[in-house]
Amino acid sequence: MDNMEKWPEIEKAATEKRRELVLQGPAIDQRISSNGGLSSSIYSLTLLNYLEVSQCPSLTEIHENIKHLTNLQSLILCRNKLASIPNAIGHLKSLKVLDLSVNNLRVLPEAIAELRDLNTLNVSCNSLEVLPEGLSQCTKLSTINISKNHITGFPVDFYSERLDLLSTLVASDNSIEELSGDIHKLAALKVLDVSNNKLREIPSDLSDCPKLKDINFKGNKLSDKRLEKMVNGCQTKSILDYLRGKGKGRQGEDGGCVDSGRNADKRKRQQKRKEKVVDEQDEVEELNKMVVRVLHISNAPTVLTVKVSTEVKDVRPYLVCCVVRGMNLKPGNALKRFLVAQTKLHDDLCGKRTIATIATHDVQLLKGPLVYDVKPPTQLKIVPLGRREMTAVELIRHLQLEADELRKQKKRQNVTGLHKYLQLLQGKELYPCLVDGEGHVISFPPITNSEKTKIKKTTKELFLEVTSAISLQTCKDVMDALIVKMAELNKLTAEHQEEVGSGEEGDGPQQPAASSETSSELIIQQVRTLDEDGNLKVVYPSKTDLSKDISNLTVIW
């Protein structure tokens with residue numbers, strides 16, 4: 001039974017109708033210990049689509065009332081000491097990510113098979129001996145991690161054509177004794193890790209998995225000693241070629257399955273054509289692939305946080321931020337392309353800034369801690385992009401005059417909705433602003449950001465902010481779109497190997513971009529926004545972000 005003590009994080013999430021809640025660490029663990037479990041009020045937060053309760057050794061069970069959280073898309077219950085999960089989890093029909101890693105689970109509920117939208121299942125580092133029947137009904141599964149358990153094999157129905165999206169299967173450090181030849185039915189499988197198990201044989205049918213690119217069988221005592229030597233030192237292609245050869249050899253030895261020479265040659269040609277098509281498809285996929293790696297706050301060398309004042313609630317309440325590394329703005333027109341893309345997002349997705357506003361800053365020029373605050377128009381001073389320092393009143397007056405003049409001249413292509421977003425602040429007694437640790441305003445949404453933190457060709461790390469008066473999800477959608485566009489542009493820059501320098505006369509010969517700058521992978525460092533009491537409001541990106549089906553975008557957590 002709950003103690004009378006109220007949990008402020010839960011109360012705040014209920015009051016502000018939040019979609020995300022993160023509870024973790026020693027303070028939460030102490031509360032769970034005193035309370036005899038999670039506060040029952042958590043199960044009334046029916047709007048949640050992301051719930052994380054982690055690093056709480058006192059958490060040993062989840063109440064069946066979790067069934068009420070039917071909007072959950074991500075449920076993260078890792079690094080606790082959970083001994084069981086209720087069957088009621090089957091009611092969470094919208095669930096896409098389920099992380100139960102590093103607990104004390106000996107069995108999983110059969111109801112997991114009812115989660116038809118599930119695409120990621122992580123139950124690593126538990127004490128599981130079997131997997132539940134019916135996982136093949138979760139037809140959207142793309143990643144399964146069951147490593148570091150005591151599992152001896154896969155359910156019979158696991159090897160099913162229905163799992164046609166399953167691309168990654170990690171089952172290392174278990175007690176698996178056999179892989180069925182039906183594994184070839186997992187046609188989308190790209191990564192298979194069954195290292196450190198008790199396998200004696202590797203089925204030759206594995207070579208019929210058309211997309212398989214990365215296999216790991218190390219640490220298994222195989223009966224075929226040549227194959228055992230290969231899995232410890234050879235590349236995946238060589239191992240699959242060897243297995244393919246073994247399969248054909250076995251067909252000949254068994255008799256009754258040997259084709260005539262003509263049919264055998266025909267089958268060989270068909271197989272080669274099939275392999276060529278698959279290889280070409282994979283090469284195209286690989287060329288088009290964009291990689292975004294998320295750096296969790298706990299792994300970040302320096303952590304930027306943004307504290308949000310209560311006064312912004314009535315002005316422009318929603319804000320998400322993150323830090324991006326690896327964006328190469330130095331070569332050729334890379335910076336210009338990025339700024340043009342940002343303007344296009346402002347015009348289209350952001351409704352000419354009336355829906356949301358993007359601001360970018362050079363991290364090296366930021367002085368933390370940052371505060372998202374409000375100021376009276378006469379007291380808000382900023383050095384706008386390309387201008388001298390002025391108050392918000394002066395800046396808006398200047399912009400209004402410029403907009404009126406442009407309209408008179410009918411140069412509508414230069415107006416770009418300026419009047420519209422200027423009107424967003426009309427009648428406001430306070431204006432929103434992002435303030436650095438020295439008290440300088442570095443952003444004044446939706447109007448401008450500061451010359452002081454302006455990005456340049458030499459910028460190595462970018463601080464991104466998206467603000468909106470509409471909703472938090474609006475901010476997230478815009479930030480998702482911005483990061484995807486940055487990944488596209490960065491890949492374009494890397495592919496074209498653009499030359500460093502502006503190419504103006506007198507610059508001298510241009511040098512090729514350094515190889516360290518031509519990688520297209522982006523690293524996105526999470527940033528937390530906190531309320532005035534230091535409680536978490538939102539962290540971006542969370543595991544529900546950057547999760548839209550973008551075929552050529554790979555997000556690594």
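Mentor: We need one definition to begin. A residue is called buried when its relative accessible area is under 20%, exposed when that area is over 50%, and partly exposed in between. Keep in mind that this is a predicted model.

Now look at helix 1, which covers residues 8-15. Its buried residues are Glu9, Ile10 and Ala13. Look down the axis of helix 1. The buried residues fall within an arc of 95°, so they line one face of the helix. What do the buried residues of helix 1 pack against? They pack against strand 1 (20-24) and helix 2 (26-35). After helix 1 comes Lys17, with a positive phi near 50°.

Next, charges. Side chains of opposite charge can pair when their charged atoms come close. The whole structure has 18 salt bridges. Some share partners: Lys12, Glu16, Arg18, Asp531 and Lys537 are joined into one network that way. Arg31 lies over the face of Trp7, at 5.2 Å from the ring centre.

Take Glu228 and Lys225. Their closest N and O atoms are 3.2 Å apart. Both residues lie in helix 3 (residues 225-231). They are three residues apart, about one turn of the helix. Lys225 has a relative accessible area of 52%, so Lys225 is exposed.

Helix 9 (residues 472-496) holds the pair Glu488 and Lys485. The salt bridge between these side chains spans 3.1 Å, N to O. Because Glu488 and Lys485 are three residues apart in helix 9, about one helical turn separates them. Are they buried or exposed?

Glu461 pairs with Arg325, with the closest N and O atoms 3.0 Å apart. Glu461 is in strand 20 (residues 461-468), and Arg325 is in strand 12 (residues 318-325). The two are 136 residues apart. Glu461 has a relative accessible area of 18%, so Glu461 counts as buried.

Now the rings. How many aromatic pairs does the structure hold? It holds four. One of them is Phe154 with Phe158, a stacked pair. Their ring centres are 5.0 Å apart, with 15° between the planes. Phe154 is buried, because its relative accessible area is 11%. Phe158 is buried too, at 1%. Phe154 and Phe158 also belong to one aromatic cluster with Tyr159.

Another pair is Tyr431 with Phe444. Why is this pair stacked? Planes under 30 degrees apart count as stacked. The planes of Tyr431 and Phe444 are at 20°, with the ring centres 5.5 Å apart, so the pair is stacked. This pair links distant parts of the chain. Tyr431 sits in strand 17 (residues 431-435) and Phe444 in strand 18 (residues 441-444), 13 residues apart. Tyr431 is buried, because its relative accessibility is 10%. Phe444 is buried with a relative accessible area of 0%.

Then there is a loop. Pro86 lies between strand 3 (74-76) and strand 4 (97-99). Pro86 has a relative accessible area of 17%, so Pro86 is buried. What does Pro86 touch, leaving out residues up to four places away in sequence? The answer is Ile62, His63, Glu64, Ile66 and Pro109. Take His63 from that list. His63 and Pro86 are 23 residues apart in sequence, yet 7.0 Å apart in space, C-alpha to C-alpha.

Finally, check the confidence. The mean pLDDT of the protein chain is 83. A pLDDT of 70 or more is reached by 82% of the residues. Over residues 411-416 the pLDDT is below 50. In the model, that stretch has six contacts beyond near neighbours in sequence. Residues 498-517 also have pLDDT below 50. This second stretch has 28 contacts in the model, again beyond near neighbours in sequence.

Definitions and conventions
Residues are numbered from 1 along each chain as its sequence is written. This is a predicted model: local features need pLDDT of at least 70, side-chain atom pairs count only at pLDDT 80 or more; totals for chains, interfaces and linings use all residues. Side-chain values use heavy atoms; hydrogens and water are left out. Rings of Phe, Tyr and Trp (its six-membered ring) pair if their centres lie within 6.5 Å; planes under 30 degrees apart count as stacked, over 60 as edge-to-face and the rest as tilted. Buried means under 20% relative accessible area, exposed over 50%, partly exposed in between (1.4 Å probe, protein chains only). Helices (H or I, at least four residues) and strands (E, at least two) are DSSP runs, numbered from the N terminus. A charge sits over a ring if NZ of Lys or CZ of Arg is within 6 Å of the ring centre and within 35 degrees of the ring normal. A salt bridge is a side-chain nitrogen of Lys or Arg within 4 Å of a carboxyl oxygen of Asp or Glu. Contact means heavy atoms within 4.5 Å. pLDDT is the predictor's confidence in each residue, from 0 to 100. The arc is that of the directions from the helix axis to the C-beta atoms.
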